[in-house]
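Let's walk through this structure together, starting with its charged pairs and ending at its ligand. Keep the sequence and the 3D view side by side as you read.

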Amino acid sequence: MEMPVEIVDRSPAFSIVAETAADIPAREALLDRAMGPKRRKKSSEKLRRGRRPSEGLAFVARDASGAVAGSVRLWDLVLGEGGPAALLLGPLAVDPALKNVGIGSALMRHAVAEAARLGHAAILLVGDAPYYGRFGFSAAKTGALAMPGPYERHRLLALELVDGALSGAQGTLKAAGRKQKAPMALTFAA
Ligand SMILES: CC(C)(COP(=O)(O)OP(=O)(O)OC[C@H]1O[C@@H](n2cnc3c(N)ncnc32)[C@H](O)[C@@H]1OP(=O)(O)O)[C@@H](O)C(=O)NCCC(=O)NCCS
């Protein structure tokens, strides 16, 4: 006689959606939990401060209850003064209680696909090659590029969305994103 089999769905119930203004406090708390207070001192932060993410390229992962379980955003850059446009990805972070269930990978795949769909040519980031390599990122084409501040050269990685987009790219990355409407100080003054 066949024994009944209990089927348990262990796949995490989460979805990747566009970030809304209402997500910002939860996203900031998540970044503090996942990355600690040093996150604001990173060189990448210089390329983000005072800017808004690239249009349509800020995402959160929500769990079944709607809570923010992960975050990724992409930012407009130019590669060297007057150079070609590209995106900076980061920070990517997942709630420490929900690591290793695929949320980071889902955020990365969604972010890369949306950036490509919107016509962007290349994505750069500063991160661990063993992790980002699985999404196609490498340091192969970043040797002549530099962050505007201290960074580890082997962690400056890139992915071309358009073949050849990074050929000949050189110089220091420069923020090119839309400016935030009001300075942070004014936003929180009330
Ligand atoms: C890095 C991070 C975003 C990964 O998210 P996640 O949802 O846990 O990742 P996934 O479940 O998609 O993938 C897990 C896999 O990545 C591997 N991995 C995670 N971080 C890694 C790293 N830094 N280097 C190499 N591999 C890594 C895991 O070992 C696991 O491997 P497996 O698939 O062979 O088992 C998450 O751990 C995090 O928020 N960390 C703290 C913040 C941070 O470091 N952000 C990245 C800034 S560079």
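What follows looks at salt bridges and then at the surroundings of the ligand.

A word on the ground rules: this is a predicted model, in which local features need pLDDT of at least 70, side-chain atom pairs count only at pLDDT 80 or more, and totals for chains, interfaces and linings use all residues. Residues are numbered from 1 along each chain as its sequence is written, and side-chain values use heavy atoms, with hydrogens and water left out.

Searching the whole structure turns up 13 salt bridges (a side-chain nitrogen of Lys or Arg within 4 Å of a carboxyl oxygen of Asp or Glu). One of them pairs D23 with R62, whose closest N and O atoms are 2.9 Å apart. D23 sits in the loop between β1 (14-18) and α1 (24-35), while R62 belongs to strand β2 (residues 58-63), so this pair ties together parts that are 39 residues apart in sequence. Helices (H or I, at least four residues) and strands (E, at least two) are DSSP runs, numbered from the N terminus. Both D23 and R62 are buried, where buried means under 20% relative accessible area, exposed over 50%, and partly exposed in between (1.4 Å probe, protein chains only).

Now find R178 and E55, whose side chains meet in a salt bridge at 2.8 Å, N to O. This pair links distant parts of the chain, 123 residues apart: R178 is in the loop between β9 (171-175) and α5 (184-187), and E55 is in the loop between α2 (43-46) and β2. R178 is partly exposed, with a relative accessible area of 29%, and E55 is exposed, at 55%. Elsewhere, salt bridges with shared partners join E19, R27, E28, D32, R39 and R40 into one network. Within it, D32 and R40 bring their closest N and O atoms to 3.6 Å.

Let's turn to the ligand. It is surrounded by 19 residues, the closest being V94, G102, G104, S105 and D128; a residue counts here if one of its heavy atoms lies within 4 Å. That shell divides into 11 nonpolar, five polar and three charged residues (Ala, Val, Leu, Ile, Met, Phe, Trp, Tyr, Cys and Pro count as nonpolar, Asp, Glu, Lys and Arg as charged, and the others, Gly among them, as polar). For the side chain of S105, an N or O atom is 2.5 Å from an oxygen atom of the ligand. A polar backbone atom of N100 is 2.8 Å from a ligand oxygen.

Definitions and conventions
Polar contact = N/O pair within 3.5 Å; in protein donor to acceptor, adjacent residues only side chain to side chain.
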